[in-house]
Amino acid sequence: IMVHRANYISPTDFGAGTDGSMAEDPEKQREQHQLNNRAVIAECDRLLWYEVRAPLLHHFLHELAVSQPSFSEGCQIAKAWVASQMFSSHLCDELVELLVAACFVTCKHKSKMLQSSFAVFLAFLELLGTHDWLRSALDIRSKKAGTEHDEESIQALRNTRGEIKVVSDMDPLAEFFSSSVFTHSRTPEKVVLKRLAALAMTALRSLSECS
């Protein structure tokens, strides 16, 4: 990653020719440098995800799947529901799995009630429909007490609008799903998020009445 960052071109590092004269078209050269810089940053983000962030997330989810047998089946049902509602392009699989994991992590006593995949799915719908995503990041850290800088950074996340933000021990700044490396959105925009929450509450009420 550091090697790629070293190729970053400063916006002020253009315009001069080899003989000290100005380039013929500095504006065009500036645009080309900006494109090159975005490509370098995107490659750094891609490497950061696949080499650092994704392994941390997958390790966390694997440990939960081993300790909670209902977790894996609950994730499958949750992802199937998201796909049936045509939201797969807005919520990546890892984000859905992390939200299901949050149902186990946020309330330790509640996890004892999530012994079936159906109970896990209901908890997932409840989380989607009741948490105030537009004003607050979901905090699933094992230790809520952090440094003053950490708390200020997390407080700043609460001002983020229209995104699902999940603060965890492995991702204290909720950056996992906001990387620019991905060509499609990995977290829903504000309008989609509102619709998703409304559908989750409707499904939760319907399933609760039938159970």
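Predicted model: local features only at pLDDT ≥ 70, side-chain atom pairs only at ≥ 80, totals over all residues.
Helices (H or I, at least four residues) and strands (E, at least two) are DSSP runs, numbered from the N terminus. Buried means under 20% relative accessible area, exposed over 50%, and partly exposed in between, with a 1.4 Å probe and protein chains only.

Leaving aside residues up to four places away in sequence, Leu99 touches Leu91, Phe124, Leu127, Leu128, Trp133, Leu138, Ile164 and Val166, a contact being heavy atoms within 4.5 Å.

Next comes helix H6. Spanning residues 117-130, H6 has 14 residues. Of these, 10 are buried, so H6 is largely enclosed by the rest of the structure; among them are Phe121, Phe124, Leu127 and Leu128. The buried residues of H6 pack against helix H3 (70-84), helix H4 (93-105), strand S1 (138-139) and helix H8 (190-210).

Pro172 lies in the loop between strand S2 (166-167) and H8. With 37% relative accessibility, Pro172 counts as partly exposed.

Residues are numbered from 1 along each chain as its sequence is written, and side-chain values use heavy atoms, without hydrogens and water. Local features need pLDDT of at least 70 and side-chain atom pairs count only at pLDDT 80 or more, whereas totals for chains, interfaces and linings use all residues.

Notes: Expected span 1.5 Å × (residues − 1).
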